[in-house]
Each structure stands twice: as C-alpha cells, then as structure tokens.
Amino acid sequence: MNKTLIKPRALQSKDRVGLVAPGARPYKPSDLNRAVRLVEAMDFVPVVGQHCMACLGHLAGSDEQRLHDFNGFVGDVSIAAIFCLTGGSGALALIDKIDFKTMAAAGKIFVGGDDNNAISIAANAKENLVTFCGPNLDEINSRTDMELFRDFLINKDENKNERTRSISVSTKNGEFDFCADYIPVPGVAEGSLLGGNLTALTSLLGTGFAPDLTDALLFIDDRDERTDILDRWFTMLVISNQLVNTTGIILGPFENCDSRGSFNLLSLEEDLSQRLIALNKPCRFDFPIGKTAMVPTGPKARFDATNGSLEFLESIFA
Amino acid sequence: MIPLIKPKHLQAGDTVGIVAPAGAPFEEGQLEFAFHWLDKLGLKYKLGKHIYDRHGGLAGTDADRSRDLNEMWADKQVKAIFPARGGNGAVRLLPRLDFEMIRDNPKIIIGYSDITGLLIPIHQKTGLVTFHGPTANSFFDSDYTYRHFQRALFEPQPLGAIEDPALPSDGYAPKYPPPRMVITPGTAAGQLTGGCLTLVKNLMGSPFEIETEGKILFLEEVREEPCAVDRMLCQLLLARKLQKAAGILFGESIDCKPGESQRKVSKLSASLESVLRHRLAGLQIPVVYGLRFGHGACKLTLPLGVMARLEAHACHQVRLSIDEAATSE
C-alpha cells in the first residue's frame, strides 16, 4: 500500500453528475425521474445516461450499452461525479472494460452501493483512486439521507481538517440515546479503509481486480441476503488468507438478512463472531456504514470499536 | 502437475464412513433409509462421532466436524467417505484438513452441493479422483441416481456414454429444461471438474480455487436467482475460468426460477436459460444445459479428474462419455 492515493475533487453546487445503471434497470420511468429530482435537490446538475432505461432481462441494456454510458461519463471532462441509479448484478460484467485510468486521472467521484461496490473496489485496487461506498440513488429515502449524501461529497471545511469528519453510532437515526451494538472484539484499529458490499467484494476474489486487504481497515455490509450465503462469502475472506492481514473489521447493519427459513439457527452476529474473536482484530456489528453513512475507499482512518466511532486521519478529497 | 490417484472401487462387505462435514442431518430418521440401502448394497458403515451434533445449521463446530472427517479418512478399514448431506460449512473445514494424510490414504469421497467445497480442493491438492454424485441421504433418490452411483463406485471400468433419465411414463416430454439443450455446439475432450456454482465461487481467491484449463467444466445451482447466477458467471469470466475450459456442462439446476431463492426479488428478472445463453454462448467452446446432476432427483455420478468427451451437435444430439476408469482394481 505504498502507492500514492489519488483523491478526487470535492463537489460544488451546480457540478454536473452522470447518472448510470451499471447493473439492473430502474423499474419504471418515475424511478428515474425521482433520481433526477433528488440530484437536483442536492444542487447538482444531473445528466442521465443514454441507456439507463434500456432493458435486457433485469439489466439496463446490454453490457455494451451500459458500458457506453459509464465510459462516456468517465471520459467527459464536464462530468464531476458518477452516481448509480440502482444496484443489481451486471456491474461485474463491466469491470474489465471500465476505463479506470481516465477515471483516476480525472479525479472523478464515483459512488456505488450493492453490486456497484465492485466498481468502487476495483477502481481503488487498480488505480488507487479514492471511491465511495454509499447508497445508490434509489436507496435515499429521506431528506436526512439526502443531506448526508450531499454533505459528504461537498468539502465544506475550509481548513480541510478531516479530523473534524467522523462517523459514529450516533449517526443512526435512533429514538434512544443508547446503542446496543454487538462488539465481539473491542479496541482501536487504524488502517486504509477498504470494502463495501460483501457479495460485491467477494465477487472480485480470484480476478485481476481483487483488493489487497493488507493493513486495510475492512468494512463489510450486505442486505436482503440469506445468512448461510453471507457465511459462505465471509468464509471466502478467511480461506483466501486475507482477513488475517486486516487491522480491524467494521460490520454494517446487514439490513434484512436472516435465515429465510433455511436450517440456520444462528444469527449472523453469532455465526461470524467465533471467527472474529479468534482473529482478535477490533470489530463491531451494526455500524452505520453504506446506506446511512458514506464510506470512502482508500484513506487512512481510525476505528474505535469500543466506542463506535470512525475518524478519518487524512483528507478524502484533493 | 500432481499425478492422478484413483481410489479402489467398492465391493460388498466393505465399510464406508458416514460423516457430516457440512449441514446437520438433524434427525436420525433422515439417515434411516440410507442405512437400509447400504445394507442392500452389502456395505457396512461407521458413523462420525459428531454426526448428529448441531451448531446452528452445521453438524457441530468446525473443530469437531473436521476431526470427524480427518479421523474417518485416516481409518484404514474405511473404504469410502459418504457425507450425510450438503448444506453449508464444508469450506470452513479446508484450513483444518490433513491433505497429506488424505493423499496417503486414497479412498472414495462422494457428494454434491456443499460437498463440492471438499471435492475440488481434495482433488486438486492430492490428485485423488473425487466423485460428484449423491450424498448418503440421496443415493437412492431415483433409479437413475442409484444405477449411476453403483456403477461409478463398484465397477472399475470406465462409465462410458451417459444416458438420459427415462421419459415420463406417459412418454411425453421430460420436465424443463430438456436434459440436452445445446447452447453452443462443438466437440471437447478433457478431464472433468466442477460442481455447485456457489461453491465454485466460494473457493475463488483461495489456495483451493478451481483449475479449469483444458477441462470439461460441469456446473449447477439450486434455489438461486438467475441474476445471482449471472453475477457468479461474470466472476468466473473475469477470472478467465470459463474461457480456458474445453467445454461446459450446465446442470438441470432446481428451483432457479426468479423468486425461488427465498430472497427479495428484483422486479425485473431474466430466466436462467437466458442468463446462460447471454454469458456462455459467446465462448468458443461447446456448452450444454440440462444434464441431470446435482440437486434434482436424477443425479449422475461424475468423477473429477478422469477424461471425458463431449460432442454437442444439435438439441438431443449430444454425446457425453466418460472414457477413463475412475477407480482402480
């Protein structure tokens, strides 16, 4: 991890933002309109990819069409950032054809959630570009979510003092002032933030786009998935001998993940914790990453598992 | 290149070891029929110490399950390992398996689904021919399954040309997909390797990652969304695992229609067939979809490591033959 991080430029009002659907297609035209209004509400100028409403099975058009939109925005100097409309398998099919070099050279912001995390992880693995694991636009469901999303990408702090930035368990919109998170291994860890959606992350293993987790502060999350499948993907990180090299592990809320009636009687927290405790790296479940709080891939950060806070140790933007 | 080791074929009077490296059989009744059918085959059996343990959905802790498997494998009396069932958890044992001991005590191991997570690593680490076929609770699922199981494990000659299951008794079409749907025609010869797609993904990036170069790769899936199959195929394509194969056999794949995975389903869905055509038709190798192996009631027994030949011309004009003996005398 000696390579210099390439940091994107922070966004400003009226910046042009490309909207893409690298995987699944928005289900209906109003979903696309909603995303456009959302980006306008953030005070950016949305530019919709030409093929976003194309349809091939569950995908937004053929690989070529989706790639055309994506690389079109990558190569367009007037576009400051690329946001994703929705998740869904299909992003992976574009990975070996995305122009990551131009994307990094231009210091372009890319935000992706779910399957689109594969793109953010691969861009960082290939070009050392700081990318963002955050919600796809269809997952932003409240004004608070929208403002969190926007504010993260706008560098409002004139002194660029990133230590003032942090994410903590209190970021969660809770009615209570206590938190009841599960902490298999308390402690503090420092490392380069790396990770995202567990399915997307493990989909890169064994390929030329796999991340190197050495000295990484790993963050993983997923949603709408069976726990027996999540157990498998976590096992991939174990048997590929990657987990031992991390400094700490931040586990997300794993929204709507359960046994789905399969013969799996243990919760994900219990299932993973035995191996997490054996690993003995600071870790904590239910940390608000991904949907509620955007996490950059690449910058150094300090994770306090005991108290539930994540503090950035370097600037995220150029 | 590790030399191929062929385990000795089974004979009446042999003892087999039943272990649960993955999911728990849950109840003794789950294996009652298995014991009855083992008696019919003239096989004696030993049970792993932890076979009825439960740890979540697993048959005991990783430590206990791996100890059972290592001990059963080291037992000179035991001629074959029959995992009780698949489920989940076999891959978690890999760092704890004694591959040297396994290599020095060649014997049959047979299973499918999660057991794929043992078959590929054991085959690749030791050179031993392993068998993708029924587990102890399913070798009597159908006449087709039973006959292929028996031939593969008891008869030392090559399996030869693979037949299809009998047509339904009314003589009309078999259940969709047809067992020999040609996605790409062509001819291929190579060693067999493969198994359940989820498990093939499960091994990616690890020291046990599947080797496919020049091989006939067989894959199947169960209870999974076509879009998830798409994602896994994309990963194998990114890793160039499919491009390097000599040919691909995609199995029947039970419960893989949109919505059958017990997951939230995207509102737009493609069928499995269209995903397969989309991702595999462009490869310059023969691809056949529908063969009966894996999770259906009709299961072939496919030995990993032996030479097979695939000739795919048009629908139903498909010949798959396993030309090399999988066991030794």
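Student: Which residues in α8(B) do Pro226(B), Val229(B), Asp230(B), Leu233(B) and Leu237(B) in α7(B) meet?

Tutor: The model is predicted, so to speak of local features needs pLDDT of at least 70, side-chain atom pairs count only at pLDDT 80 or more, and totals for chains, interfaces and linings use all residues. Residues are numbered from 1 along each chain as its sequence is written, while chains are lettered from A and ligands numbered from 1 in the order in which they are written. Helices are DSSP runs of H or I with at least four residues and strands are runs of E with at least two, both numbered from the N terminus, and two residues are in contact if their C-beta atoms, placed from the backbone, lie within 7 Å. On these terms, the partners in α8(B) of the five residues in α7(B) are Leu272(B), Val275(B) and Arg279(B).

Student: How do the residues of the contact of α7(B) with α8(B) divide by class?

Tutor: Ala, Val, Leu, Ile, Met, Phe, Trp, Tyr, Cys and Pro count as nonpolar, Asp, Glu, Lys and Arg as charged, and the others, Gly among them, as polar. The contact of α7(B) with α8(B) therefore divides, under these classes, into six nonpolar, no polar and two charged residues.

Student: Are α7(B) and α8(B) roughly parallel or roughly antiparallel to each other?

Tutor: The axes of α7 (residues 226-238) and α8 (residues 272-280) of chain B come within 9 Å and cross at roughly 20°, where axes are lines fitted to C-alpha atoms, for helices over the stretch in contact, and angles run from 0 to 180 degrees between N-to-C directions. Angles under 35 degrees count as roughly parallel, over 145 as roughly antiparallel, 65 to 115 as roughly perpendicular and the rest as oblique. The angle therefore makes the arrangement of α7(B) and α8(B) roughly parallel.

Student: Is the crossing of α7(A) and α8(A) left-handed or right-handed?

Tutor: In chain A, the axes of α7 (residues 227-239) and α8 (residues 268-279) come within 10 Å and cross at roughly 15°, and the two helices are therefore roughly parallel. A crossing is left-handed if the near helix is turned anticlockwise from the far one by less than a right angle, and right-handed if clockwise. For α7(A) and α8(A), the crossing is right-handed.

Student: Which residues of α8(A) make the contact with α7(A)?

Tutor: By class, this contact has five nonpolar, one polar and three charged residues. The residues from α7(A) are Thr227(A), Leu230(A), Asp231(A), Phe234(A) and Val238(A), and those from α8(A) are Leu268(A), Asp271(A), Leu272(A) and Arg275(A).

Student: Which element gives the largest share of the side of chain A that touches chain B?

Tutor: The two chains meet through 36 residues of chain A and 35 residues of chain B. The chain A side has 13 nonpolar, 13 polar and 10 charged residues. Its largest share, six residues, comes from α7(A).

Student: Which element gives the most to the side of domain 1 of chain B that touches domain 2 of chain B?

Tutor: An automatic or database domain assignment gives chain B a domain 1 (15-140) and a domain 2 (160-322), with 24 Å between their centres, taken over C-alpha atoms. The contact takes 19 residues from domain 1 and 21 residues from domain 2, and α4 (116-126) and β5 (130-132) of chain B each supply at least two residues of the domain 1 side. With seven residues, the element that gives the most to that side is α4(B).

Student: Which element gives the largest share of the side of domain 1 of chain A that touches domain 2 of chain A?

Tutor: Chain A is divided into domain 1 (16-153) and domain 2 (162-312), whose C-alpha centres lie 23 Å apart. The contact takes 26 residues from domain 1 and 20 residues from domain 2, and the domain 1 side has 14 nonpolar, eight polar and four charged residues. The largest share of that side, eight residues, comes from α4(A).

Student: What is the radius of gyration of chain A?

Tutor: Chain A has eight helices and 13 strands. The globule rule, 2.2 Å times the number of residues to the power 0.38, goes with a radius of gyration taken over C-alpha atoms. For 318 residues the rule gives 20 Å, and chain A is as compact as a globular protein of that length because its radius of gyration is close to this, at 18 Å.

Student: Which loop holds the proline of the cis peptide bond, Pro177(B)?

Tutor: The cis peptide bond joins Tyr176(B) and Pro177(B), with omega about -5°. Pro177(B) lies in the loop between β6 (160-161) and β7 (181-184) of chain B.
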